[in-house]
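Dear colleague,

Please find below the structure that I am handing over to you. The findings follow directly after it.

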Amino acid sequence: VYTKLSKSIAPEIYGMDDVKRSLLLLLVGGSSMQMGDGLKIRGDINIALIGDPGVAKSQLLKQVSRLTPRGVYTTGKGSSGVGLTAAVVRDPISNEINLEGGALVLADLGVCCIDEFDKMEESDRTAIHEVMEQQSVSIAKAGITTTLNARTSILAAANPISVSYTHLRAHETGRNLVCRLLLEKKK
């Protein structure tokens, strides 16, 4: 069953069996647990796909975002920290201030797929830290102070810093990405 389900993820893409198995586990997720001392163990899985351009990373992200009911696909190139978390906007008609959730908030209890993660600004990447660690987004803007749920798994895709990705230098790849954001399983 495990093999059949993993092969059903983007069947038009040949190979990449290990990646597809990982994506299946991301979609299924782990189980959250509440410990006796109040400690919460998160069950969401975060994955960073790092590979050469043209190896179907983007297609896999789009497929995963379509497979999950609360899937959101965005690009790092066109997303800011505010676009990922939340923004305070003024309604032009009523002149009221409203809070609009970003991609990570909209993907609550789902998967947020971020393509071109390596093209994001460092300051925008740091907006993801709270989501991965606390599963929430804290807002304190324009007189609005609140916390929004962002219990989402994050699937990111990036190109390596060098021209070509090699397994021997896998630990050296990345574009100055913070280690916690490269590949982290939420605990």
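A residue is called buried when its relative accessible area is under 20%, exposed when the value is over 50%, and partly exposed in between. Asp 108, with a relative accessible area of 8%, is therefore buried. Please bear in mind throughout that this is a predicted model.

**Salt bridges**

Asp 108 has a partner: it forms a salt bridge with Arg 151, and their closest N and O atoms are 2.6 Å apart. Asp 108 sits in the loop between H5 and S7, while Arg 151 sits in the loop between strand S9 (144-149) and S10, so the pair ties together parts that are 43 residues apart in sequence.

Asp 18 is exposed, at a relative accessible area of 56%, and Arg 21 is partly exposed, at 26%. A further salt bridge joins Lys 119 and Asp 118, where the closest N and O atoms are 3.5 Å apart. Here Lys 119 is partly exposed, with 38% relative accessibility, whereas Asp 118 is buried, with a relative accessible area of 7%.

Is S7 mostly covered or mostly open? The strand is mostly covered, since 5 of its 5 residues are buried. In a regular strand, side chains alternate between the two faces of the sheet. In S7, Val 111, Cys 113 and Asp 115 point one way, and Cys 112 and Ile 114 point the other way.

Strand S4 (residues 71-75) runs parallel to S7 and is joined to it by 5 bridges. Within this pairing, Thr 74 stands opposite Ile 114. S7 also pairs with S10 in the parallel sense, over 4 bridges. There, Cys 113 has Leu 155 in S10 as its bridge partner.

**The nonpolar cores**

The largest nonpolar core has 21 residues, and those that touch the most other members are Leu 84, Leu 104, Ile 114, Phe 117, Ile 128 and Ile 154. Two or more residues of this core come from each of helix H5 (103-106), strand S7 (111-115), helix H7 (127-134), strand S8 (136-141) and strand S10 (153-158). Apart from it lies another core, of 16 residues, which includes Ile 47, Leu 49, Val 64 and Cys 113.

Which residues does Ile 114 touch, leaving aside those up to four places away in sequence? Among them are Leu 61, Thr 74, Leu 84, Met 120, Ile 128 and Ile 154. In H7, Ile 128 is buried, as are His 129, Val 131 and Met 132. Just after H7, Gln 135 takes a positive phi of about 60°.

**A nonpolar patch on the surface**

Met 33, Met 35 and Leu 39 form a nonpolar patch on the surface, and together they have about 270 Å² of accessible area. Met 33 belongs to strand S1 (residues 33-34). Its relative accessibility is 41%, so Met 33 counts as partly exposed.

Yours sincerely

Conventions
Residues numbered from 1 in each chain as written. Predicted model: local features only at pLDDT ≥ 70, side-chain atom pairs only at ≥ 80, totals over all residues. Heavy atoms only, no water. Core = buried A, V, L, I, M, F, W, Y, C linked by side-chain atoms within 4.5 Å. Buried < 20%, exposed > 50% of the residue type's maximum accessible area, 1.4 Å probe, protein only. Contact = heavy atoms within 4.5 Å. Pairing = 2+ DSSP bridges. Patch = residues over 30% accessible without salt bridge, like charges linked within 9 Å, V, L, I, M, F, W, Y side chains within 5 Å. Areas by Shrake-Rupley, 256 points an atom, 1.4 Å probe, with all protein chains shown as cover. Salt bridge = Lys/Arg side-chain N within 4 Å of Asp/Glu carboxyl O.
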